[in-house]
Amino acid sequence: MTSRNKTPLLSLPIEALPGQGYRQRQLAEWLYGKGARQWEAMTDLPKGWRAELAEQYRLGEFAQVQAFPSRDGSVKYLYTLLDGQRTEAVYMPYPNRKTLCISSMVGCPAGCTFCATGRMGFGRNLTTAEILDQVLFVAYHQGHAPREIRNLVLMGMGEPLLNVDNVFAALERMLHPQGLALSPRRVTLSTVGIPRGIYRLAESGLGVRLALSLHAPDDETRQKIIPTAHRYSLAEIMEAVRHYYAQTKRRVTLEYTLLKGLNDHEWQARALAQHFKGLSVHVNLIPWNPWEGAPHQGSPRAQVLRFAALLEQQGIPTSVRWSRGRDVGAACGQLALAQPGGATAVGRG
Ligand code: SAH
Ligand code: SF4
C-alpha cells in the first residue's frame, strides 16, 4: 500500500491505538513521548508487529517540510501535505518556554481583509493527524521530545471553530497524559467568533483558553473588515463568550489588530472598555503586520501605545503583542505569503 492509502496512526484516539495494555502504552510512548517518525526507531517493539503496523498505518503526514529561520530566533515551517496542499506553523523559542503556533486549515474561508490567509481563500480543513503532526515534526526537527513544547496556540492558518471535529480530536490527544500531556491552561484557541463553535468548546470539557479576534467594539466597523461579522453579531458572540466563561472560569483574551483610521480611534477604545467592564478579559493589541497588496495600513506605534493606555486607564488589562518572525513572513496574518529566501528543506515528514 502507498503511504497515502494507509491510516494515519495519529488519527486514532490514544485508547484505540493498536496493541493492548503494555504494548499499547509502549506505542503511545514512541509516538508522543519520544516522537519517533520511523518504525525502525521503535526498537523494543517486536519486529513482526512493527512490520504489520507499517503495512496498515503511516507515521508522517507531510510529503515535504521547509524551515525558514527568522533573525529573531523563531522558525516558520512550511508543510507540503500528502495531496500537495500547503500549510504552516511557527516555532517561537523564548528563554523560559517553547511556544508553537499551528494551523487548522489550508487557507481560510473567513476572508478577513487584513489577513494574508484570508486573501488566499479556502483550501481545505486539516485532518486530526495533520494538526497533531505539525507539533510532532517541529519537536523532532528542533531536537526536543514532543512534551518539551509546553505552549501551543491555534493562531496559524484557518479558523479552528469551522473545523471543530478535527481540531477537538487533535486537542484531546494533545492534552491526554499519554499524548502530549499539555496543560489546557497553556493551549489557546483563537477564533474570529463563531458562536456555535464557542458553545461547543465550552461544553467539550477540554478546558483550553479562548482568544476572540474582536478587532472592533461595534458591528459596523467589524463588518468592514470581517465578512463573517455580517452573520454573527457582537451581541451573539458575546453571549457565547459569557457562557464559555461561566463554564470554564477561564479569562478570555480579546485580540485587536490596530488598523490606521479604521479601528484605532479613541471612541473605540472607550466603547471597548465600556462593553467589557466587569467581564474577566484581557486585551491583546496586535500591531498590524503588513503584506503586499493589503488594503490597510497599521496604526503608528504611538497610536498603538495610546490605545493601550486608554484601555488600561479604564481598567482593562492590556498588552501589546509585537509579533515575531516578520522577516520570514511568520508573523500573525502573514502566513501564506510568497516564501522568502533562506529556506532549508528538512526532508520528508
Ligand atoms: N482564524 C483565527 C485564528 C488565526 S488568525 C482568528 O482569526 O482568530 C490569528 C490572529 O492573527 C487573529 O487575531 C487575526 O486577527 C490576527 N491577524 C491576522 N492577520 C494579521 C495581520 N496582518 N497582522 C496582525 N495580526 C493579524
Ligand atoms: Fe481566517 Fe483568522 Fe485570517 Fe480571518 S484572521 S481570514 S478568520 S485566519
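# Briefing: ligand site, salt bridges and aromatic rings

Phe62, Tyr77, Tyr79, Phe137 and Tyr140 form one aromatic cluster. Rings of Phe, Tyr and Trp (its six-membered ring) are counted as a pair if their centres lie within 6.5 Å. This is a predicted model, in which local features need pLDDT of at least 70 and side-chain atom pairs count only at pLDDT 80 or more, while totals for chains, interfaces and linings use all residues. Residues are numbered from 1 along each chain as its sequence is written, chains are lettered from A and ligands numbered from 1 in the order in which they are written, and side-chain values use heavy atoms, with hydrogens and water left out.

- Helices (H or I, at least four residues) and strands (E, at least two) are DSSP runs, numbered from the N terminus.
- A polar backbone atom of Gly158 is 2.9 Å from a nitrogen atom of ligand 1.
- Thr191 places a backbone N or O atom 3.5 Å from an oxygen atom of the ligand, and Thr257 has a polar side-chain atom 3.4 Å from a nitrogen atom of ligand 1.
- Of the 530 Å² of accessible area that ligand 1 has on its own, the protein covers 96%. Such areas come from the Shrake-Rupley method with a 1.4 Å probe; for residues, only the protein chains shown count as cover.

**Salt bridges**

- The count comes to 11 salt bridges, where a salt bridge is a side-chain nitrogen of Lys or Arg within 4 Å of a carboxyl oxygen of Asp or Glu.
- Arg147 and Glu29 form a salt bridge, with their closest N and O atoms 3.3 Å apart. This pair links distant parts of the chain, 118 residues apart: Arg147 is in the loop between helix H4 (128-142) and strand S9 (151-154), and Glu29 is in helix H1 (residues 21-33).
- Arg147 is partly exposed, with a relative accessible area of 22%, and Glu29 is likewise partly exposed at 31% relative accessibility. Buried means under 20% relative accessible area, exposed over 50%, and partly exposed in between (1.4 Å probe, protein chains only).
- Arg58 and Glu61 meet through their side chains in a salt bridge of 2.8 Å, N to O, and both residues are buried.
- Glu266 forms a salt bridge with Arg306, the closest N and O atoms being 2.3 Å apart. Glu266 lies in helix H9 (residues 266-276) and Arg306 in helix H10 (residues 301-313), so the pair ties together parts that are 40 residues apart in sequence.
- Glu266 is partly exposed, with a relative accessible area of 32%, and Arg306 is partly exposed at 40% relative accessibility.
- Asp83, Arg124 and Glu130 are linked in a network of salt bridges.

**Aromatic pairs**

- The count of aromatic pairs comes to 7.
- The rings of Tyr256 and Phe307 have their centres 5.1 Å apart and their planes at 40°, so the pair is tilted. Planes under 30 degrees apart count as stacked, over 60 as edge-to-face and the rest as tilted.
- Tyr256 in strand S12 and Phe307 in helix H10 are 51 residues apart, and their pair links distant parts of the chain. Both Tyr256 and Phe307 are buried.

**The loop residue Asp72**

- Asp72 is found in the loop between strand S3 (62-69) and strand S4 (75-81), and Asp72 is partly exposed, with a relative accessible area of 36%.
- The side chain of Asp72 makes polar contacts with the side chain of Ser70 at 2.9 Å and with the side chain of Ser74 at 2.7 Å. A polar contact is a pair of N or O atoms within 3.5 Å; within protein, one must be able to donate a hydrogen and the other to accept it, and residues adjacent in sequence count only if both atoms are side-chain atoms.
- The C-alpha atoms of Asp72 and Gly156, 84 residues apart along the chain, are separated by 18 Å.
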